[in-house]
Amino acid sequence: MRAVRNVHERIIPASADCVGALLDRVSAPDDPIFPTPVWPAMVLDRPLGVGADGGHGRVRYCVTAYVPGRSVRFDTTGGAMGQGYHRFDVEPLGTDRCRVVHVLELTMPVRRFLQWKMAIQPVHDTMIEEVFDNIERGALGRPPHAPTRRRPRALLVNWLFWARPRAVPVPSHARLLHEDVPRPDFADAWCLPMPPGMSRDPGDWRHVLPFPVRGTADRELMTGKDASHLEFRSSIVIEDDTVTLATAVRLHNTRGRLYFAVAGLAHPYMARLMLRRAHRRLAFIARPAGERNAGAPADLRPGG
């Protein structure tokens with residue numbers, strides 16, 4: 001077994017009460033500090049408090065200690081990262097300064113320790129520093145002076161473990177698609193989860209799709225192209241927690257059928273690739289949590 005102790009801290013020029021109010025909202029629907037959607041959201045089965053179970057990504061834990069506005073401790077469960085805990089603490093340093101500390105202590109088998117050093121630690125370090133960035137944004141109402149730079153290895157791991165599309169039926173509420181191609185010769189659909197922080201406006205996808213826009217609706221953006229041998233339409237369909245790329249193709253003649261007999265083999269791969277690439281790009285350009293959520297109540301902000 002190997003032991004890991006990983007400590008991050010930052011001094012924030014805001015009161016401990018202000019910063020503690022942000023910490024109290026971690027895992028809430030309006031969580032202002034966890035760096036989603038680039039990294040997995042922290043999700044608990046109930047409001048933050050002792051006994052709440054959950055985690056982020058594959059890491060599972062349970063809240064074992066909580067002092068509102070000052071500290072929270074999560075003990076690991078399930079063994080995905082070994083046995084131990086991580087915790088946040090807010091330490092007052094006067095009326096308008098405080099220190100935020102994150103401590104991770106784990107014991108793990110040698111193989112998992114090697115995984116930690118090679119892949120998990122760069123992601124963990126980047127994610128915690130981005131948590132601190134969001135605390136600064138939320139507490140001070142402005143970006144940090146030196147925002148965290150994502151390390152290449154952390155970005156590689158992020159890409160490797162990014163969600164992959166799964167096949168689903170063409171959504172019945174893809175109204176534009178069904179109206180434009182009511183009797184397709186081919187149709188399929190691929191779906192991805194929409195993490196907190198990603199825009200639910202289908203219009204935002206127009207800048208990351210390669211085909212002309214043919215129509216828009218409240219929850220749908222349809223692109224497509226016509227040719228003499230076939231026509232196709234692809235719709236981005238947004239629901240509360242999913243995005244679906246649905247495609248319908250109408251073949252006009254023998255040339256179209258011959259063409260699609262070959263192109264259809266590559267289509268599922270290309271559709272999944274396009275959806276996953278656009279999904280990740282939109283996640284990376286989403287506004288940081290500290291800007292999306294206004295932060296602490298006005299009376300707890302500096303000068304409030």
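Glycine 69 takes a positive phi near 75 degrees in the hairpin of strand 4 and strand 5, where three residues lie between the strands. The model is predicted, with local features requiring pLDDT of at least 70 and side-chain atom pairs counting only at pLDDT 80 or more, while totals for chains, interfaces and linings use all residues. Residues are numbered from 1 along each chain as its sequence is written, and side-chain values use heavy atoms, with hydrogens and water left out.

Strand 4 (residues 59-67) and strand 5 (residues 71-77) pair in the antiparallel sense over seven bridges; two strands count as paired if DSSP finds at least two bridges between them. Within this pairing, tyrosine 61 stands opposite threonine 76 in strand 5. Strand 4 also pairs with strand 3 (residues 53-56), again in the antiparallel sense, over four bridges. There, valine 59 in strand 4 faces histidine 56. The hairpin of strand 3 and strand 4 has two residues between the strands, and glycine 57 takes a positive phi near 60 degrees in it.

Six strands form an open sheet in the order 8-9-13-12-11-10, with antiparallel pairing. Strand 8 (166-167) and strand 10 (213-217) stand at the edges with a single partner strand each, so one side of each has no neighbour in the sheet. Strand 8 is joined to strand 9 (residues 186-193) by antiparallel pairing over two bridges. Alanine 167 has tryptophan 190 in strand 9 as its bridge partner.

Helix 5 (residues 254-284) packs on this sheet and touches strand 9, strand 12 (230-238) and strand 13 (242-251); contact denotes heavy atoms within 4.5 Å. The direction of helix 5 makes about 10 degrees with that of strand 9. Such axes are lines fitted to C-alpha atoms, for helices over the stretch in contact, with angles running from 0 to 180 degrees between N-to-C directions.

## Packing of helix 1 on helix 2

The axes of helix 1 (residues 16-23) and helix 2 (residues 110-140) come within 10 Å and cross at roughly 120 degrees. The two helices are therefore oblique to each other (under 35 degrees is roughly parallel, over 145 roughly antiparallel, 65 to 115 roughly perpendicular, and the rest oblique).

In this contact, Cys18, Val19 and Leu22 in helix 1 meet Ile135, Gly138 and Ala139 in helix 2. The contact residues divide into five nonpolar, one polar and no charged (Ala, Val, Leu, Ile, Met, Phe, Trp, Tyr, Cys and Pro count as nonpolar, Asp, Glu, Lys and Arg as charged, and the others, Gly among them, as polar).

Most residues other than glycine have a negative phi, and most peptide bonds are trans. Serine 27, although not a glycine, has a positive phi of about 80 degrees. This serine 27 is found in the loop between helix 1 and strand 2 and is buried, with a relative accessible area of 16% (buried means under 20%, exposed over 50%, partly exposed in between, with a 1.4 Å probe and protein chains only).

Proline 37 is found in the loop between helix 1 and strand 2 (43-44). A cis peptide bond with omega of about 5 degrees joins threonine 36 and proline 37.

## Overall architecture

The protein chain contains six helices and 13 strands, which are DSSP runs numbered from the N terminus (helices H or I, at least four residues; strands E, at least two). Its C-alpha trace spans about 75 × 50 × 35 Å along the principal axes. Of the 304 residues in the protein chain, 49% are buried. Among contacts between residues at least 6 apart in sequence, 60% join residues at least 24 apart.
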